[in-house]
Amino acid sequence: MNWLYHFGRYYLLIKRTFKRPEKFSIYWKQYVLQMDSLGIGSLGIVSIISIFMGAVICIQSAFGFESPWIPLYAVGVSTRDIITLEFSPTVVCLILAGKVGSNIASEIGTMRVTEQIDALEIMGINSSGYLIAPKILAAVTMFPLLIVLSMFLGLFGGYVVGVAAGAVTPYEYIYGITYDFRPYNIVYALVKTYIFSFIITSVSAYHGYFTNGGALEVGRSSTKAVVYSSILILLFNVIITQILLS
Amino acid sequence: MIQVQNLSKAFGEKQIIKDISIDFIKGKVNIIIGESGSGKTVLSKLMVGLMEPDSGKVIYDGNNFIGLNFDDKREIRKQIGMLFQGGALFDSMTVEQNIVFPLSMFTNMSEQEKTERANVCLNRVNLVNVNKLFPAELSGGMKKRVGIARAIAMNPKYLFCDEPNSGLDPKTSILIDNLIKEITEEFNMTTIVITHDMNSVIEIGDYINFIFKGELWWKGNSGEILKTDNKEINDFVYCSTFMKKVKENL
């Protein structure tokens, strides 16, 4: 029944997090700061991983389709579908769970063990609202943008490396990525991203907020945040896929 | 004035606070002393609402704080300033931002007014030209002083100080003690100091409450604590060679 205890405590924390702010302008400032920290701060890693993974997916697809019966534009089709359906929304979110999740848990955990959260509470400030709500809202705003960028960069990486390696011609690749394009796939990817953004930030914040002890426990909270966020992402990936694509 | 009435708190089977009742007097430095693990910190956390007691009342000028919801507690908390053991300054903010933070959250003061208020508070704790520094750039004593400046920024009626001298050299400790005493008298606050430091007890303690194994064991003033026959207090007060010599000369 341990999970029930954690779920109950998580629910109460989230409920308290979204209470009316003491002063909207202060929360807005935090929200903008977090968009910069969580969103813009992740631009580099998302870009690098997306370009290289797009390139690898394209080459692997070309390698797998070495048959005269399969048209070469199928490389573009498969690269597009892998990137838009799974790589960008799920794998990139797993990477963001590692980067952003550990950052949130250690930041809030350190504030807990150094009594900074107690200081906020004694001032009469809703500490969970002030610390967690802007992070969740910033992630829900910025991560979908990062994922859309990741899709473009993945396809771009596949194009550059696929063409340079002679695996596919520019025409066939472009034809492939536009062939039978279903906008619903992007909707599906964005729905997943919104839910994963919420999971990453809220679960990490939960582990940081209830850190108890010292530096060692902050490290443990950080690890737990990444592990539980990743497991929940994978679990919800199956659930959302079943609901939206079945 | 703060009144604690029949306050009790247990963690599982272990009773940490046992039916404590104390009146903390306005305009005076009220000290809570006791050995490590005696329940001092838990008592202070119960009083400021960081923990919920199992039973009892904490009354701030006639208003019972226990059982209020967060929004109702906020009105009382706005009148509380607290100096934490480690300072608890916000790492991501400069000294000035730390001090103006509660003002930004709860008042409609202009930026200029907030800066002026920060400077007044910093001057009061004898700190100048530190506005733009971050907490990581301050010494232990400076952090405590910034902590005091932040605690008095909202003109609180009640000031809590948790181990204000821990980790400080004797000279800085006396400086912080004197500052707490002066501010208490100047702003007519109800000040509660939780400490182990007998220097503080003797220097600034108007009323002293000795907690032993979760109970209020003894109360009196700084003159009386040195002369009491109470065994537990004598074991606590005169445990060092220095204090034993003080006792011989009393």
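This is a predicted model: local features need pLDDT of at least 70, side-chain atom pairs count only at pLDDT 80 or more; totals for chains, interfaces and linings use all residues.
On the α3(B) side, the contact is made by B:E96, B:I99, B:V100, B:L103 and B:S104.

Chain A has an oblique pair of its own. Here helix α3 (residues 43-64) and helix α6 (residues 127-164) cross at roughly 45°, and their axes come within 7 Å. Angles under 35 degrees count as roughly parallel, and the pair α3(A) and α6(A) is therefore oblique. Again the crossing is a right-handed one. Quite a list of residues meets here: α3(A) brings, among them, A:V46, A:S50, A:F52, A:G54 and A:I57, while α6(A) answers with residues including A:L146, A:L149, A:L153, A:F156 and A:V160. By class, this contact holds 16 nonpolar and eight polar residues, and no charged ones.

Read along the sequence, that gives one α after another, α-α-α-α-α-α-α-α-α. The C-alpha trace of chain A spans about 70 × 40 × 35 Å along its principal axes. Of the 246 residues in chain A, 46% are buried. Among contacts in chain A with a separation of 6 or more, 88% are between residues 24 or more positions apart.

Chain B brings in strands. One open sheet in chain B has six of them, in the order β6-β7-β8-β3-β9-β10, with mixed pairing. At the edges stand β6 and β10, each with a single partner strand, so one side of each is left without a neighbour in the sheet. On average, neighbouring strands of this sheet are turned by 20° against each other, direction ignored. As a reminder, strands of a sheet pair through backbone hydrogen bonds, either parallel or antiparallel.

Six of its six residues are buried, so β8(B) is largely enclosed by the rest of the structure. B:T190, B:I192 and B:I194 point one way from the strand, B:T191, B:V193 and B:T195 point the other way, and all are buried. Strand β3 (residues 29-34) pairs with β8(B) in the parallel sense over five bridges. Along that pairing, B:I32 stands opposite B:I194, and B:I33 has B:T195 as its bridge partner. Strand β7 (residues 158-162) also pairs with β8(B) in the parallel sense, over five bridges. There, the bridge partner of B:L159 is B:T191.

Further along the sheet order, β9 (residues 207-212) and β10 (residues 215-220) of chain B pair in the antiparallel sense over five bridges. B:I208 stands opposite B:G220 in β10(B). The two strands form a hairpin with two residues between them, and B:K213 in the turn has a positive phi of about 50°.

A second sheet in chain B is open too, with four strands in the order β2-β1-β4-β5 and antiparallel pairing. The edge strands are β2 (14-24) and β5 (63-64), each with a single partner strand, so one side of each lacks a neighbour in the sheet. Seven bridges join β1 (residues 2-11) to β2(B), and the two run antiparallel. One of the bridged pairs is B:F11 with B:K14 in β2(B).

Finally, the two chains touch. In total, 15 residues of chain B are in contact with 14 residues of chain A. On the chain B side, α2 (70-77), β6 (80-83) and α3 (95-106) each supply at least two residues. The residues on that side divide into ten nonpolar, two polar and three charged.

Methods
Residues are numbered from 1 along each chain as its sequence is written. Chains are lettered from A and ligands numbered from 1 in the order in which they are written. Two residues are in contact if their C-beta atoms, placed from the backbone, lie within 7 Å. Ala, Val, Leu, Ile, Met, Phe, Trp, Tyr, Cys and Pro count as nonpolar, Asp, Glu, Lys and Arg as charged, and the others, Gly among them, as polar. A residue is buried if 20 or more other C-beta atoms lie within 10 Å of its own, exposed if 12 or fewer, and partly exposed in between; C-beta atoms are placed from the backbone. Axes are lines fitted to C-alpha atoms, for helices over the stretch in contact, and angles run from 0 to 180 degrees between N-to-C directions. Angles under 35 degrees count as roughly parallel, over 145 as roughly antiparallel, 65 to 115 as roughly perpendicular and the rest as oblique. A crossing is left-handed if the near helix is turned anticlockwise from the far one by less than a right angle, and right-handed if clockwise. Two strands pair if DSSP finds at least two bridges between them.
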